Amino acid sequence: MKVATSILTADFNNLKAEIDSIKTTDFIHLDVMDGHFVPNISFGYAVLKNLRKITNLKLDTHLMIDNPLDYIDDFAKIGSDYITVHVEANKPLEAVKHIISKGIKAGISLKPKTKPEVLLPYLSLVDLILVMTVEPGFGGQKFMKEQMEKVKYFAELREKHNYNYLIEIDGGINEKTISQVHNTGVDIVVAGSYILNAKDRFQAIESLK
Ligand code: DX5
Ligand code: ZN
């Protein structure tokens, strides 16, 4: 299992030390929130633009914003390896195509109440499907295990049609909920509070792997 650590609740005044403390993670997961698509506001280009100077870790950028198309160039510039947009946002297909045109891996995400069939037009295009296992907006929420049905659906379609996407889940992952994730087709788990609140962050990352 690959692990993407969300730095949503990291101490941004000590970002270098925070990132050193999770350096065994496979990805840094960047939760960008605009206060419209989700009720919360997090961080954007101005805060992230120097991230590449302090880390070579892969950046997995999750845009929880209404108009992703307007901001993709910025998140390409910070050195994102993956950029994921929500199917519930404005112009998601254009956004995905724009990400691909920049040579960056493109992801599409869906909220818990969105039906998985809505992603059908994206499956042959994207590199990543991000299944939300909490309502987006906040860290520290309870894992919605029924969302794993969507994982099964996307894993079966991948098998059947030879699609290339990875499957990632986001929200409520910890040492207990991870047991419901093994052998389901999930390639990457996002974890925020479980890792950042752990006494030993390396051990927390290892336990999920
Ligand atoms: C929720 C974010 C998640 C969140 C994960 O909107 O997309 O990435 O930070 O946090 P935990 O692991 O605390 O559920
Ligand atoms: Zn996220």
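Residues are classed here by relative accessible area, where buried means under 20%, exposed over 50%, and partly exposed in between (1.4 Å probe, protein chains only). The structure is a predicted model, in which local features need pLDDT of at least 70 and side-chain atom pairs count only at pLDDT 80 or more, while totals for chains, interfaces and linings use all residues. Residues are numbered from 1 along each chain as its sequence is written, chains are lettered from A and ligands numbered from 1 in the order in which they are written, and side-chain values use heavy atoms, with hydrogens and water left out.

Side chains of opposite charge can pair when their charged atoms come close. With a salt bridge taken as a side-chain nitrogen of Lys or Arg within 4 Å of a carboxyl oxygen of Asp or Glu, the structure holds eight salt bridges. One of these joins Arg52 and Asp81, whose closest N and O atoms are 3.1 Å apart. Helices (H or I, at least four residues) and strands (E, at least two) are DSSP runs, numbered from the N terminus. On this basis, Arg52 belongs to helix H3 (residues 51–54) and Asp81 to the loop between helix H4 (72–77) and strand S4 (82–86), so the pair links distant parts of the chain, 29 residues apart. Arg52 is partly exposed, with a relative accessible area of 29%, and Asp81 is likewise partly exposed, at 26%.

A further salt bridge is formed by Glu18 and Arg201, at 2.9 Å from N to O.

Arg158 pairs with Asp187 in another salt bridge, the closest N and O atoms lying 2.9 Å apart. Arg158 is located in helix H6 (residues 148–161), and Asp187 in the loop between strand S7 (166–170) and strand S8 (188–191). Arg158 counts as buried at 17% relative accessibility, whereas Asp187 is partly exposed at 23%.

The zinc ion (ligand 2) is coordinated by His29 (NE2), Asp31 (OD), His62 (ND1) and Asp170 (OD), at 2.0 to 2.3 Å. Donors are N, O and S atoms within 2.8 Å of the metal (3.2 Å for Na, K and Ca); water is not among the atoms, so sites may look incomplete. The donor residues follow the spacing H-x1-D-x30-H-x107-D in sequence. Among them, Asp31 in strand S2 (residues 27–33) and Asp170 in strand S7 are 139 residues apart. Asp31 is buried, with a relative accessible area of 6%, and Asp170 is buried at 7%.
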